[in-house]
Amino acid sequence: MDKRWSLQGMTALVTGGTKGIGKAVVEELSMFGARVHTCARDETQLQECLREWQEKGFQVTTSVCDVSSRDQRENLMEKVSSLFQGKLNILVNNVGVLRGKPTTEYVEYDWTLHISTNVEAAFHFSQLSHPLLKASGNGSIVFISSITGIVSLDCGSIYSLTKGALNQLARNLACEWAKDRIRANAVAPNIIKTPMAQSYLEDLSFIEGLLSRTPLGRAGEPNEVASLVVFLCLPAASYITGQTICVDGGLTVNGLSYKPHA
């Protein structure tokens, strides 16, 4: 295989890798030859996934970690540094929480939860991983953002602002860390068939409204997001940095519909 299209010999950390987009990313990275470490809060889920990945021959290791805890983030990165001999090629900041409410109904805990999990964790993991990414000589950070960080929805303003923050963080790090041969990009999905999105997928009025604005007319699959994430980490994508790329079935470019009079 052309080395531009391979991750053989490379290392990766994916946060929240036991379900949804995170799990798809772990598996896609593994299929391209990367050694992957992932984390989640639920040890039982981690063990179930680990057995599944081992059966597939993937090189995956796991840790229990609540990414909203600063101490646990630091412990995780110490383990990653030890596992990968102080070098890391890929960091995928995937973990996120979503509580969709009208703005007037949010309470202090909603704010704290979103900021600590969606923004603070991604920022801190990027800081902690910098020396490892730099040491690898070829680093790539991917933030799992959302179309809600680009366009407006009727609810979920705190979630949306956290995703907008990730898009800006990708731009900043792309410029600041280019000298260290580290690229940074954000991937912004539309609604994807994941456990976190299940309640929204079952809300007919919400999903019909959203999909009516989506040219492809359907929700996305986790592997459709993972394929872009992995592409951005490949040597073939070596000139792409600072971008927010939507995986959205066309929603963010859809304009007004117009039907001419007969």
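In which loop is the place of R181? Select R181 and you will land in the loop between α5 (157–176) and β6 (182–189); helices (H or I, at least four residues) and strands (E, at least two) are DSSP runs, numbered from the N terminus.

Before going further, a word on the ground rules. This is a predicted model, where local features need pLDDT of at least 70 and side-chain atom pairs count only at pLDDT 80 or more, while totals for chains, interfaces and linings use all residues. Residues are numbered from 1 along each chain as its sequence is written, and side-chain values use heavy atoms, with hydrogens and water left out.

Most residues other than glycine have a negative phi. R181 counts as exposed, at 58% relative accessibility (exposed is over 50% relative accessible area, buried under 20%, partly exposed in between, with a 1.4 Å probe and protein chains only).

Next, select Q85, in the loop between α3 (70–83) and β4 (90–93). Q85 is not a glycine either, yet its phi is positive at about 55°. With a relative accessible area of 60%, Q85 is exposed.

**A helix pair**

Now show α1 (residues 20–31) together with α8 (residues 222–233): their axes come within 8 Å and cross at roughly 50°. Axes here are lines fitted to C-alpha atoms, for helices over the stretch in contact, with angles from 0 to 180 degrees between N-to-C directions. That angle makes α1 oblique to α8 (under 35 degrees is roughly parallel, over 145 roughly antiparallel, 65 to 115 roughly perpendicular, and the rest oblique).

To see the contact (heavy atoms within 4.5 Å), display G20, I21, A24, V25, E28 and L29 on α1.

**The cysteines**

Finally, how many disulfides does a search of the whole structure find? It finds zero, a disulfide being a pair of cysteine sulfur atoms within 2.5 Å. Select C65 with C39: the sulfur of C65 has its closest cysteine sulfur there, 4.7 Å away, too far for a bond. C65 is buried, at 3% relative accessible area.

C155 counts as partly exposed, at 30% relative accessibility.
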